Amino acid sequence: MTTGSRESTPATSAPLTRTDMAQRVAADIPAGAYVNLGIGLPTSIANFLTLDQEVILHTENGMLGMGPEAHGAEIDLDLMNAGKISVTELAGASYFHHSDSFGMMRGGHLDIAVLGAFQVSVNGDLANWHTGVPGSIPAVGGAMDLAVGAKKIFVMMELTTKSGQSKLVESLSYPVTGLRCVTRIYTEVATFDLVPDTGISVTKLFGSATVASLRELTALPIIDATHQTSRQTPTEG
Amino acid sequence: MVSKIVDSIDEAVADIPSGATVMIGGFGRAGQPVELIDGLIRHGARDLTIVNNNAGNGEVGLALLIKGGYVRKMICSFPRQVDSHIFDEAYRAGKIELELVPQGNLAERIRAAGAGIGGFFTPTGYGTLLAEGKESRIIDDRGYVFESPLHAEFALIKAYKADRWGNLVYRKTARNFGPIMATAAVTTIAQVGQIVPLGTLDAEHVVTPGIFVNRVVQTPNEANA
């Protein structure tokens, strides 16, 4: 089902930078949520979480209550995140072994995981672990566990590849990480919500993107839901 | 008097035979029992199947074990890293076999072995390349893959402190696979920064009870120990 032909007005004049994207995601994470931030782009979201939010970060190598990256004398070789970066611990932190760590993930105890992606399909299938290029050494880590293991999976990615092709697709051409798992996608030009049996809708637009331009780029029947969120930003509409 | 303390690293690993499956704790370098791995290299057992999250970093520990040609097969979740050039070369040269397992499945297969579970259905990996050839099942409208337990003859792990009964406590994220590997191996060998008198570890805080540990060896000059 799609909405009528009325197109919404772009919200801002330029596409979001990666920093803007991280800031947007951070602002959408509810206070007190248990969250896992994937390696790469999503890691930077931590820089924009506020103390008031008291979001509790999970790192799958066995910690809740992960603090910011460690520097200088703070560096402790026994304390790292899943990207093997030295981090700090916050008051209230806890440590646990790998089976407990993935059990809390698989058991649906994490509220949100934010992951990077090569591709996301319209029904929420995620590809982010393997390019499928012959001869490449495959490495999966916790990607498949995260994909099935949080109540909500947010993807944070640029909408197009370097050659300009949409990473939001009808069906994946990259190897699958998890099926029907992605619930929201943050990109530099738009934010999308994926609802099973309803389809994909765009909730926010940035830069010169329009619902029509996104439909053309992705060749997907994207639902216009921008009017539901436009009141949040006075500059919109 | 029960004492699991052995005097040296070399003595601790002396009976590991060629062809053994050996679990090695650690996530990257955190919790990697580097001294025990160095001992294993000196010992010289070959054709080993190694279970670890990674496949070695830089030119230390597990990376050197692979470089020396002692490893026939790696079972791991994340072999390819910025500093995994030793594994990468061995793999591309066809000198080492790789069984790639999603990290949570790896952990749970180890836990299952230690807990006497004959296998389990997990949603992780369902519908992916890593589930090919495995039994799958739909349970309450969700797809699951059957995974089998992962046993080992030996586990080499690193902990923070031990007593002579083999009770262990760990330090921060260096805990990672240590507690579950200790349960899954016939013989578990722990290298620790400190051995403390019996009764010193708070019984409420013991993470690995000594029943899962067969040998304890102290390593001097542990980083942060």
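Trainee: How many residues does the contact take from chain B, and how many from chain A?

Mentor: Two residues are in contact if their C-beta atoms, placed from the backbone, lie within 7 Å. Here the contact takes 38 residues from chain B and 30 residues from chain A. On the chain B side, the elements that give two or more residues are helix H4 (85–92), helix H5 (103–115) and helix H6 (178–184) of chain B. H5(B) gives the most, with 5 residues. The model is predicted: local features need pLDDT of at least 70 and side-chain atom pairs count only at pLDDT 80 or more, while totals for chains, interfaces and linings use all residues. Residues are numbered from 1 along each chain as its sequence is written, and chains are lettered from A and ligands numbered from 1 in the order in which they are written.

Trainee: Which domains is chain A divided into?

Mentor: Domain bounds come from an automatic or database domain assignment. Chain A is divided into domain 1 (1–16 + 194–230) and domain 2 (18–188). Their C-alpha centres lie 25 Å apart. In chain A, 11 residues of domain 1 are in contact with 13 residues of domain 2. Strand S12 (199–205) and helix H4 (211–218) of chain A each supply at least two residues of the domain 1 side. The residues of that side divide into 9 nonpolar, 2 polar and no charged.

Trainee: How many helices and strands does chain A have?

Mentor: Helices (H or I, at least four residues) and strands (E, at least two) are DSSP runs, numbered from the N terminus. Chain A has 4 helices and 13 strands.

Trainee: In what order do the 3 strands of the open sheet stand?

Mentor: Two strands pair if DSSP finds at least two bridges between them. The order is S7-S6-S9 in chain A, with mixed pairing. Strand S7 (126–127) and strand S9 (168–169) of chain A are the edge strands, each pairing on one side only. Strand S6 (residues 119–121) of chain A and S9(A) pair in the parallel sense over 2 bridges. A:Val120 has A:Leu168 in S9(A) as its bridge partner.

Conventions: Nonpolar A, V, L, I, M, F, W, Y, C, P; charged D, E, K, R; others polar.
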